[in-house]
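Student: I've got this one open in the viewer and want to talk it through. Can we go strand by strand and then look at the helices?

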Amino acid sequence: MAVTHSHLSPATILGYPRIGRRRELKRAVEALWAGRTTTDELENTAAELRLATARHLVDLGLDAGSAAVPGSFSFYDQVLDAVALLGAVPERFRDLAGDGALSLEGYFTLARGEGGRPPLEMTKWFDTNYHYLVPEIGPATPIGFADDRVVREFSELAHPADGGQAVVTRPALVGPVTFLLLSKPADGAPDGFHPLDRLDDVVTAYAGLLQALAAAGAPWVQLDEPALVTDLLDVPFDEVADAVRRAYSRLATDLSPASAGDGAAERPAILVTAPYGDLRSAAGDGLALLAGTDVEAIGVDLVKGAVPDGPVPGLERKTLVAGVIDGHNIWRADLDARLATLQGLAALGAGAVAVGTSTSLLHVPHDVADEPRLDPGLKSWLAFADQKVTEVVTLATGLAEGRAAVAAALAESSAAVRSRAQAPGVVVPEVRDRTAALTPADAERAPYAERAAAQQARLDLPPLPTTTIGSFPQTAEIRRTRASWVRGELSDAEYTAAMRAEIASTVALQEELGLDVLVHGEPERNDMVQYFAEQLDGFATTVHGWVQSYGSRCVRPPILWGDVSRPAPLTVDWTAYAASLTNKPVKGMLTGPVTILAWSFVRDDLPLGDTADQVALALRDEVTDLEEAGIGVVQVDEPALRELLPLRRSAHAGYLDWSVRSFRLSTAGAGTATQVHTHLCYSEFGQVIGAIDGLDADVTSVEAARSRMEIVPELADAGYARGIGPGVYDIHSPRVPSVDEVTELLTLAAKSIDPRLLWVNPDCGLKTRAYAETKESLRNLVAATQSVRATL
Ligand code: GLN
Ligand code: ZN
């Protein structure tokens with residue numbers, strides 16, 4: 001098939017959700033894992049989903065013939081896809097890649113591990129809640145064009161077997177430079193080796209793929225290079241720039257493009273995208289850098305980033321894909337304003353301008369129309385993936401044919417923007433007055449020494465106090481009970497009774513185990529953020545608003561649309577009930593303001609710091625109510641504190657300033673004798689270590705078992721000198737830690753910090769664990785504590 005389409009469609013998106021409107025892919029993949037289906041069945045389901053998705057996007061207005069529809073499918077993760085494409089399989093999995101290519105089962109094994117072989121590490125994808133698998137690249141890792149799945153997926157849609165509508169897609173892949181910048185050195189790589197050292201091999205493999213795509217008739221390919229928008233990677237911009245120049249001179253200059261007109265094309269036209277931030281100000285000018293290469297199109301994020309207002313040399317030969325529609329949040333765009341932005345781009349002197357999304361739509365749910373329970377007003381302000389496609393198409397028409405051609409759509413969009421600005425609940429004067437009246441004193445508590453003395457007098461805890469992080473196992477029975485209650489089969493009273501029974505048995509278990517500070521166990525919480533969002537004013541929750549978090553795991557982030565306040569206490573009844581059952585202190589359990597924001601879709605009409613203060617004040621009132629109910633210990637979880645850290649170093653101080661302030665606001669209303677705990681879910685503090693001390697909690701629990709307590713000396717070196725609970729039990733696996741093991745970890749921790757500050761607890765909540773291993777593990781934890789106490 002000859003390549004005929006050299007012009008990129010004027011309307012496109014960078015990627016589309018892969019899980020399916022009803023999470024069809026999740027279910028199909030999990031059925032394979034459970035052994036209920038075969039890989040052939042999964043391949044068939046996936047192929048049907050890809051075909052239906054591509055045709056759906058054409059129905060929504062994307063062009064079927066000009067590479068407007070991205071080929072952005074993945075069975076698990078796009079970075080793992082690149083590992084499979086390259087056959088870059090770590091040594092421990094090498095047997096799974098017989099002739100270089102992984103089978104589908106082998107692919108999942110890299111993601112999930114097997115027997116004694118740990119999976120690839122998983123980490124956050126830029127500033128999103130999506131998580132990718134970290135490739136492991138060493139000097140000897142095989143790298144080649146090992147797998148032509150991308151080509152097959154292109155052909156299957158370009159020549160559909162059912163003879164129906166064909167769709168010429170634009171295969172979308174992680175770009176070679178970003179792939180290597182996100183990789184970590186494989187075990188045993190020599191000192192000084194960086195995965196980027198393998199750039200030439202990766203580029204050779206991508207060149208092979210590009211040639212195969214051209215041969216299959218693909219007019220365009222998309223290579224995502226978001227590494228260009230961040231300066232948090234360990235490679236200086238000069239080296240990144242050099243890698244980009246080398247990679248794209250090999251791919252774009254050395255291979256002849258479709259439009260060359262002198263015989264067969266060796267490659268499709270290339271679109272390089274730089275989502276999630278500003279391409280220009282990282283540490284150098286990424287836009288000028290890309291404009292200087294021979295790629296045909298550049299995708300810029302015009303939601304998080306901007307472009308210069310004058311000409312950019314080189315751009316006159318390229319298409320600028322203007323990412324004016326937000327791929328990372330769910331608000332309907334102000335089309336009028338976006339059209340003005342698009343028209344203003346003329347000054348850049350690009351050869352052509354296409355309308356696009358700022359990022360892949362992977363981060364938003366499928367369809368607002370699919371939300372029967374959302375308030376119609378709120379619904380009219382939202383755009384999920386399908387609505388965003390329509391917005392892109394509308395803007396492209398407006399750009400090409402003038403405003404008049406899309407006047408009705410512009411008017412509708414403006415009306416929605418106006419209705420949102422004026423709607424009750426969006427701006428609540430009492431909430432605004434309260435945050436406006438805040439002073440620095442509202443974030444201050446008495447000096448720690450004074451607090452510590454008052455708390456010890458009240459709580460009378462032994463040295464090395466033992467506690468847990470909050471949740472106890474969420475058993476199948478608890479989930480069933482909640483599901484029946486949600487369906488209306490169980491009355492409120494019956495549900496409350498069932499949860500109280502669960503709390504009573506959790507409290508009894510903790511007393512029997514001999515723990516010192518008890519929890520109620522969180523059986524009533526579906527999710528640590530949604531539970532609060534459902535009760536606070538200013539939030540809405542969805543029915544089908546799932547987005548992929550990693551692999552087959554999906555989350556349903558609440559929508560924070562208005563000013564936040566607390567109409568009634570959130571947790572007091574459950575906590576007070578638990579406290580009524582025991583003489584031991586019971587710790588109240590709240591989710592912190594930063595984590596609530598990080599795991600929700602946040603509003604775009606108020607600075608995040610202001611929204612955080614509103615949430616903080618709602619929590620502050622909850623702390624006061626817990627105190628009034630006699631609760632002497634309150635934990636405010638901030639597992640996501642590090643997650644919202646901006647992709648630019650220059651923005652860190654501002655972020656840490658408001659995030660730390662909002663945490664302190666939420667807790668500083670507590671009396672001197674109330675012990676404030678916080679919990680953080682990671683062990684590498686890096687950029688936030690100073691902020692941990694700034695939170696001013698009386699006790700901080702952190703993940704530490706796997707890293708063998710290394711965080712304890714790090715925190716001590718950073719000047720942290722309040723209570724610290726480094727996790728001694730890795731709750732991420734069913735494995736039971738032995739008494740010796742816990743004893744050893746505690747002894748280790750006690751070496752680098754005053755043992756009087758040391759607490760004993762698991763790494764995180766126990767909700768994903770079963771009771772059998774939980775009981776045994778906690779028993780060992782208490783026994784180890786007793787033996788270490790005896791040595792103090
Ligand atoms: N209190 C929560 C729990 O125990 C904390 C969860 C978390 O840190 N992710 O489940
Ligand atoms: Zn945690």
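Student: Start with β18. Which residue there is the bridge partner of Val636?
Tutor: Thr678 is the bridge partner of Val636. Keep in mind that this is a predicted model.

Student: OK, and which strands does that bridge belong to, and how do they run?
Tutor: It's part of the pairing between β17 (residues 633-637) and β18 (residues 675-680), which is parallel and has 5 bridges.

Student: What about β18 and β19, how many bridges there?
Tutor: 4 bridges, and those two strands run parallel as well. As one example, His679 has Ser701 in β19 as its bridge partner.

Student: Are the faces of β19 covered or open?
Tutor: Covered on both sides. β19 spans residues 699-702, with Val699 and Ser701 on one side and Thr700 and Val702 on the other, and all four are buried. In a regular strand the side chains alternate between the two faces of the sheet.

Student: Zoom out a bit. What's the strand order in that sheet?
Tutor: The order is β16-β17-β18-β19-β20, an open sheet of 5 strands with parallel pairing. β16 (587-591) and β20 (723-726) are the edges; each has a single partner strand, so one side of each has no neighbour in the sheet. On average, neighbouring strands are turned by 20° against each other, ignoring direction.

Student: How are β9 and β10 joined?
Tutor: By 5 bridges, between β9 (residues 297-301) and β10 (residues 319-325), running parallel. One of the bridge pairs is Asp301 with Gly323 in β10.

Student: Switching to helices. At what angle do α10 and α12 pack?
Tutor: About 50°, with the axes 10 Å apart; α10 covers residues 335-344 and α12 covers residues 385-401. The two helices are therefore oblique to each other, and their crossing is right-handed.

Student: Who makes the contact?
Tutor: From α10, it's Leu335, Arg338, Leu339, Leu342 and Gln343. From α12, it's Glu391, Thr394, Leu395, Gly398 and Leu399.

Student: And α17 with α19, what's the angle and how far apart are the axes?
Tutor: About 45°, with axes 9 Å apart, for α17 (residues 492-513) and α19 (residues 572-580). That makes this pair oblique, and α17 passes α19 in a right-handed crossing. The contact is made by Arg500, Ile503 and Val507 of α17 and Trp574, Tyr577 and Ala578 of α19.

Student: I clicked on Val660. Which helix is it in?
Tutor: α22, residues 652-667.

Student: Is Val660 buried or exposed?
Tutor: Buried. Val660 has 22 other C-beta atoms within 10 Å, and 20 or more is what counts as buried.

Student: What is Val660 in contact with, beyond its neighbours in sequence?
Tutor: Leaving aside neighbours within four places in sequence, Val660 is in contact with Ala691, Gly694 and Leu695. As for Ala716, 56 residues away along the chain, its C-alpha is separated from that of Val660 by 19 Å.

Student: Last topic, the whole chain. How many helices and strands?
Tutor: 26 helices and 20 strands. The radius of gyration is 27 Å, close to the 28 Å from the globule rule for 792 residues, so the chain is as compact as a globular protein of that length. Along the principal axes, the C-alpha atoms fill a box of roughly 85 × 60 × 50 Å.

Student: And what share of the residues is buried?
Tutor: 52% of the 792 residues. On contacts, taking those between residues at least 6 apart in sequence, 78% join residues at least 24 apart.

Methods: Residues numbered from 1 in each chain as written. Chains lettered and ligands numbered in written order. Predicted model: local features only at pLDDT ≥ 70, side-chain atom pairs only at ≥ 80, totals over all residues. Pairing = 2+ DSSP bridges. Rg over C-alpha atoms; globule rule 2.2 N^0.38 Å. Buried ≥ 20, exposed ≤ 12 C-beta atoms within 10 Å, placed from the backbone. Contact = placed C-beta atoms within 7 Å. Axes fitted to C-alpha atoms, helices over the stretch in contact; angles between N-to-C directions. Parallel < 35°, antiparallel > 145°, perpendicular 65-115°, else oblique. Left-handed = near helix turned anticlockwise from the far one by under 90°.
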